[in-house]
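Me: I have a model open and would like to go through its contacts with you, one topic at a time. Could you take a look with me?

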Protein chains: 2
Amino acid sequence: MVQKVLAGIDVGGTTVKMAFISEEGTIHDKWEITTNQKEDGRYIMQEAAASLKARQEKMNFKIVAAGVGAPGFIDVENGYIYEAVNVGWKSYALKEELEELLGVPVVVDNDANLAAGGEKWKGAGEGASNLLAVTLGTGVGGGIIAGGEIIHGQSGMAGEIGHIASIKEGGARCNCGKKGCLETVASATGIARLGLEAVQREQQGFLQSVLKENGAVTAKDVLDGAKKGDEVAGQVVNEAMEHLGFALANLSNSLNPDIIVLGGGVSRAGSFLLDKLRLEFKKYAIPKIAEDTKINIATLGNDAGVIGAAWIAKQTFIEKGA
Amino acid sequence: MVQKVLAGIDVGGTTVKMAFISEEGTIHDKWEITTNQKEDGRYIMQEAAASLKARQEKMNFKIVAAGVGAPGFIDVENGYIYEAVNVGWKSYALKEELEELLGVPVVVDNDANLAAGGEKWKGAGEGASNLLAVTLGTGVGGGIIAGGEIIHGQSGMAGEIGHIASIKEGGARCNCGKKGCLETVASATGIARLGLEAVQREQQGFLQSVLKENGAVTAKDVLDGAKKGDEVAGQVVNEAMEHLGFALANLSNSLNPDIIVLGGGVSRAGSFLLDKLRLEFKKYAIPKIAEDTKINIATLGNDAGVIGAAWIAKQTFIEKGA
């Protein structure tokens with residue numbers, strides 16, 4: 001018998017991740033193909049659709065709806081990509097093309113929003129109606145779910161948690177054009193930069209030996225050093241978590257989420273990081289918010305995107321019947 | 001012919017404001033009665049219902065649904081008041097009682113949220129789907145609308161913009177139990193306090209003569225002084241707007257609203273205040289957010305609450321057919 005599934009598609013600069021997911025959120029099959037960046041990415045969705053259709057036939061599935069997570073600046077209502085620098089798209093009617101290719105309804109959203117949706121549906125925030133997802137990677141990404149819905153804002157820019165202002169004067173330059181954004185101090189890049197600055201200033205301890213050996217300091221070095229009790233590394237982690245705690249507490253004071261989910265490479269430091277973050281969070285949160293808001297590490301890893309994409313397809317076409 | 005109307009009810013510590021409002025948002029009739037605080041406020045809704053029914057008959061209206069804005073801590077889903085200190089209610093099934101009294105469906109929400117809803121429906125934010133409302137009065141209140149819906153959060157505490165942390169170290173004590181909340185520096189009370197501190201420190205100018213004459217400094221004195229070009233008063237207003245701009249920019253970086261609507265007594269300083277706020281906002285907002293986000297003064301004044309109450313009744317019982 002043919003089994004009905006949702007297709008979850010997560011488009012990144014390197015790979016396109018895909019999965020067949022049941023309405024209950026079980027991954028039946030997942031795989032990925034290389035992102036074909038040729039000619040402004042015009043073959044990406046053709047190749048993804050061909051792969052989905054071949055796999056569907058082989059596995060005896062029937063796709064009923066598809067969700068796509070994409071990076072960049074998106075008109076979610078129309079599934080239209082204004083620009084996605086990482087994959088080469090500009091002014092691209094993604095939803096329209098993929099609906100034609102697959103013959104099923106398609107919904108498109110920002111990849112960070114869908115990662116939040118994935119964690120809400122089947123991850124660390126399972127069942128939460130109000131969730132903040134923060135990804136501490138090369139940058140700081142985010143997604144906000146309130147009242148069970150992704151918050152998009154006026155022009156789809158909502159969730160840009162990484163660009164919350166953290167340092168009022170003299171902060172480092174950010175890619176967004178401002179200075180002192182959260183991203184400049186709490187991303188992997190930011191933590192590495194703070195680590196390098198600290199060891200150049202202090203000239204001692206674990207980070208100094210790392211710097212001598214490798215000629216560079218990574219965020220992982222800083223986190224490993226802090227875990228081992230190195231003082232300089234510990235101060236850097238405290239500083240990063242102070243800024244993150246301040247930003248997340250203030251967002252929580254306004255949005256009252258059930259849970260904050262931390263993902264991305266930096267979050268692999270796990271409970272060591274969470275303990276520090278919770279301490280800073282409590283300093284700045286309204287007492288009841290400080291008490292009630294859970295902060296946990298994301299559990300879905302690289303699957304968050306495809307699961308979130310299936311979730312939004314389910315929510316859009318099955319639950320709301322759009 | 002009998003005309004169908006929505007009843008908008010705004011319960012405060014001093015008065016209960018009521019209005020009959022059409023589905024299009026036109027106020028056909030509005031009036032208020034004194035809030036009867038006797039016996040933990042148990043007569044308040046009885047008296048309001050009696051007043052509504054008498055007026056309905058006299059004016060030949062027919063109430064089809066009612067919305068109630070109430071202060072305090074509310075279970076919005078069930079229209080249940082955990083506690084509303086200002087009016088005496090504790091563990092009170094407001095929705096249930098009023099539905100019985102009026103014989104129409106009733107929805108209850110926080111008064112600050114409904115003031116935001118009023119401004120969104122018929123005020124400064126007319127037509128906006130994403131709106132932040134901030135009331136600069138004795139305290140700093142707020143309401144957040146995203147994707148056309150009021151954001152409530154996990155336990156109905158969303159929108160507490162006044163308790164965003166503004167001063168990390170050494171801030172003034174706030175009623176919420178924290179120190180350095182936005183409310184301690186940007187409310188009328190906060191501005192008056194900063195004004196008094198400034199004139200005691202500087203001992204000069206307009207505020208000093210006010211202090212000598214009246215033995216006190218009010219927020220209005222500070223704002224009037226700043227408008228006249230008094231240096232000390234000007235610095236206080238700048239300080240308050242710096243904190244407000246920082247908080248609102250960071251919230252906007254995350255929520256991407258169409259518009260921020262400022263209400264409350266302090267906002268009567270009008271464009272003088274807006275100009276200063278916009279300047280600070282731009283410092284901390286993502287460039288595109290800084291460019292796109294409108295900041296305006298609320299236009300509905302004391303009617304925002306009843307209009308918002310009618311709006312939520314319309315949205316709940318007519319548009320969604322709950």
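Me: How many residues does the contact take from chain B and from chain A?
Reply: This is a predicted model, and in it the contact takes 41 residues from chain B and 41 residues from chain A. The area buried between the two chains is about 3,200 Å², with carbon and sulfur atoms giving 62% of that area.

Me: Which three residues supply more of the area that chain B buries against chain A than any other three?
Reply: Those are Lys168(B), Ser254(B) and Asn256(B), which supply 19% of the area that chain B buries against chain A.

Me: And how many salt bridges are there between chain B and chain A?
Reply: The count between chain B and chain A is two salt bridges. Lys168(B) forms a salt bridge with Glu242(A), where the closest N and O atoms are 3.0 Å apart. As for polar contacts, 18 residue pairs are counted between chain B and chain A, both residues being at pLDDT 80 or more.

Me: Which elements of chain B each supply at least two residues of the side that touches chain A?
Reply: They are β10 (140–146), α9, α10 (271–284) and α11 (287–292) of chain B, and the largest share of that side, eight residues, comes from α9(B). By class, the residues of the side of chain B that touches chain A divide into 19 nonpolar, 14 polar and eight charged.

Me: Back to Asn256(B) for a moment: is it buried or exposed?
Reply: Asn256(B) has a relative accessible area of 2%, so it counts as buried, the cut-off being under 20%. Asn256(B) lies in the loop between α9 (231–255) and β12 (259–263) of chain B, and its side chain reaches the backbone nitrogen of Met157(A) at 2.9 Å.

Me: What else is Asn256(B) in contact with, leaving aside its neighbours within four places in sequence?
Reply: From chain A, the contacts of Asn256(B) include His152(A), Gly153(A), Gln154(A), Ser155(A), Gly156(A) and Ala158(A), along with Met157(A). From chain B, they include Asn130(B), Leu251(B) and Ile289(B).

Me: Changing topic, what domains does the assignment give for chain A?
Reply: The domain assignment of chain A gives domain 1 (3–118 + 302–319) and domain 2 (127–299), and the C-alpha centres of these two domains lie 29 Å apart. The contact takes eleven residues from domain 1 of chain A and twelve residues from domain 2 of chain A.

Me: How much area do domain 1 and domain 2 of chain A bury between them?
Reply: They bury about 850 Å² between them, 60% of it on carbon and sulfur atoms. In domain 1 of chain A, Phe73(A), Asn113(A) and Ala116(A) lose the most area to domain 2 of chain A, together 50% of what that side buries.

Me: How many salt bridges and polar contacts are there across that one?
Reply: Across the interface of domain 1 and domain 2 of chain A the rule finds zero salt bridges, while the count of residue pairs in polar contact is two, both at pLDDT 80 or more. The elements that give two or more residues to the side of domain 1 are α4 (111–122) and α12 (304–319) of chain A, and the largest share of that side, five residues, comes from α4(A).

Me: One last thing, what about the phi of Glu39(B)?
Reply: Phi of Glu39(B) is near 45°, a positive value in a residue other than glycine. Glu39(B) has its place in helix α1 (residues 38–41) of chain B and is partly exposed, with a relative accessible area of 45%.

Terms used. Residues are numbered from 1 along each chain as its sequence is written. Chains are lettered from A and ligands numbered from 1 in the order in which they are written. This is a predicted model: local features need pLDDT of at least 70, side-chain atom pairs count only at pLDDT 80 or more; totals for chains, interfaces and linings use all residues. Side-chain values use heavy atoms; hydrogens and water are left out. Domain bounds come from an automatic or database domain assignment. Contact means heavy atoms within 4.5 Å. Buried area is the accessible area (1.4 Å probe) that two parts lose on being put together, summed over both. A salt bridge is a side-chain nitrogen of Lys or Arg within 4 Å of a carboxyl oxygen of Asp or Glu. A polar contact is a pair of N or O atoms within 3.5 Å; within protein, one must be able to donate a hydrogen and the other to accept it, and residues adjacent in sequence count only if both atoms are side-chain atoms. Helices (H or I, at least four residues) and strands (E, at least two) are DSSP runs, numbered from the N terminus. Buried means under 20% relative accessible area, exposed over 50%, partly exposed in between (1.4 Å probe, protein chains only). Ala, Val, Leu, Ile, Met, Phe, Trp, Tyr, Cys and Pro count as nonpolar, Asp, Glu, Lys and Arg as charged, and the others, Gly among them, as polar.
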